[in-house]
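Work through the exercises below with the model open beside you. Try each task before reading its solution.

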Amino acid sequence: MLEHQTRAAPLAPPADQGLERPGIRVWVDWILRRPRLFLAAFVILAALPGLLSMPPLDRDESRFAQASHQMLESGDFIAIQFQHEPRNKKPAGIHWLQTASAWATGQAEAHEIWAYRLPSLAGAILAVIVTFSIGQALFGRKQGLLAALLLGGCIIVAVEAVNAKTDAVLLLTVVLAQLGLAKAWLRRNTREREGFATCLLFWGGLGLGILIKGPLTPMVLGLTLLVLCIASGRWRWLGALRPLFGLPLMLLIAAPWYIAITLQDQGFLMRAANEDLIPKLLQGVESHGQPPGFYLGVHLIALWPAAIFTIPALIAGWKARRLEPGVAFLLAWIIPSWLVFELTPTKLPHYTLPTYPALTLLVAWAVFTQSGWLTGRLAKGFALLTILGGSAIAAGILWLPLTFDAAAAVGPGVVAALLVLAATYGSAWLTWRARPLLALVWGAPFVALVMAWGMSLYVPKLSFLWISPRLAAAYEEFKEPDAPPLASAGYHEPSLVFLTDTNTALLSGAEAARYLAERPKALVAVTQRDRDAFLKESEALGVKPLIKTKLSGINYSKGRRDEITLYGRAP
């Protein structure tokens, strides 16, 4: 059956064509001997420049980082708080990693966002390496290396690697557990029980996933297990994973924090479900509602260049699922979880990230064994979309600094736009030349280069986007000794709190006037929308505000322009 499908597919050159030249072959052999070292260096080169250069992002990153910073300030590593607001809706695992990172780097008292991003970078590196191990177990060394390269060289992983949130570490927990499950699946026809190392991967990954983001890792693994059992008509092979050993291990990892927080806050679980989980399942939360099919469109950018071939690879995989145990495993990983994400009303681009390793593994399998499926009209159509998308992205890169008067970003923007065009046009041309492997090997390093360049030399120079860093710098410039924390009326972004002080006051215009009246050395930042209320209340209180400086920019969290005036109190 599989041979017939391969013959029926369009003819294609050998997968290794273009990589067999002596000079290139030397490098390929070196990489194949040291794949994990190469992959770690690749992800570091793609993400580290942005990790060090990008300002704190709103809103989730700054909320996570500030909550971790407050753990260090208070010494309370159980309760999660942003200022005085409890944030126990998600587990504390990522906060523990971030506090450990900030402490180990000597940044426990500083407001340096890079120190809180290091766990995400480590999570991304290890997730890519574990993806290689899954591919090597399912298909072979070359397939695993290509899949890991595609994962490490996609936009969404590069972004999450420099974002002090849960998602890169969550990805690691998913692939760890899936590696253990994959090894058990491949040995399902034997009576041997898995070694403790495999069981540790599976149950440890599940426990860590629960501690990082609650039910998401168990959901992905549970759906994979369910589909595999239904498809194979067997379930006894799961006993090889030693549940009598694994379940206590999983609980030992995940349960202590849940018990501790429940003792502090008995309504925690009910509130987490009612305020965070259930609303996302029923409707779009915080304007993040999107229709089904949203992720299919998003992945064309987020998973590029692998996205050029994901649909053809899925078709080839579906036809080969009964003859290829590794392919069946990947389909069980991808399809049910993807359907759940598409049917859930609340959608964000990174939600489907736990399925991306499986997609890159499926593409890598197809490149080396079913490349004929990747050279037909469907792949060429996606290559044309690549050209259109790359052209639009390059145009947007140039448009932003020219439209919003960010002259410092024009030069880096030109380079970034040229890199985007080289990446997309090159991969499209190689796809049309029926060279899928070369199209991928060309595209992934370019994505890494674009992300490294863009996040370190282009995006930080788009000054109109970075209101909080400029406002925090102005506060430091104008504040007097022993001045109270900054007060901000109308501009309440978490990044401002992280960059200034935990006690930064987020107020209305009238409240800011009273804050200034009660504290002669205070500085208050007031948006244009709150200015009239601030000035009216100041006049009523007999306080004369003194303008220190003005700044303006785009509040990208709300999609609107903000003009902010920093006031002191006139003598």
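The model is predicted: local features need pLDDT of at least 70, side-chain atom pairs count only at pLDDT 80 or more, and totals for chains, interfaces and linings use all residues. Residues are numbered from 1 along each chain as its sequence is written, and side-chain values use heavy atoms, without hydrogens and water.

**Exercise 1. Overall size**

Task: Compare the radius of gyration of the protein with that of a compact globule.

Solution: 
- Take the rule: 2.2 Å times the number of residues to the power 0.38, with the radius computed over C-alpha atoms.
- For 571 residues, a compact globule would have a radius near 25 Å.
- The protein has 26 Å, which agrees.
- The C-alpha trace spans about 85 × 55 × 40 Å along its principal axes.
- Secondary structure comes to 24 helices and seven strands. These are DSSP runs numbered from the N terminus: helices are H or I with at least four residues, strands E with at least two.

**Exercise 2. A helix pair**

Task: Work out how the axes of α6 and α9 are oriented to each other.

Solution: 
- Locate α6 at residues 113-138 and α9 at residues 167-186.
- Their axes come within 8 Å and cross at roughly 20 degrees. Axes are lines fitted to C-alpha atoms, for helices over the stretch in contact; angles run from 0 to 180 degrees between N-to-C directions.
- The two helices are therefore roughly parallel (angles under 35 degrees).
- List the contacts (heavy atoms within 4.5 Å). Among them, G123, L126 and V130 are on the α6 side, and L172, V175 and L179 are on the α9 side.
- By class, the contact has 17 nonpolar, five polar and no charged residues. Ala, Val, Leu, Ile, Met, Phe, Trp, Tyr, Cys and Pro count as nonpolar, Asp, Glu, Lys and Arg as charged, and the others, Gly among them, as polar.

**Exercise 3. A sheet and its hairpin**

Task: Find the strand order of the five-strand sheet, then trace the β6-β7 hairpin.

Solution: 
- The order is β4-β3-β5-β7-β6, in an open sheet with mixed pairing. Two strands pair if DSSP finds at least two bridges between them.
- The edges are β4 (505-507) and β6 (545-555), each pairing on one side only.
- Neighbouring strands are turned by 20 degrees on average, direction ignored.
- Ten bridges join β6 to β7 (residues 560-569), and the two run antiparallel.
- Four residues separate the strands of the hairpin, and G559 in the turn has a positive phi of about 70 degrees.

Methods
Parallel < 35°, antiparallel > 145°, perpendicular 65-115°, else oblique.
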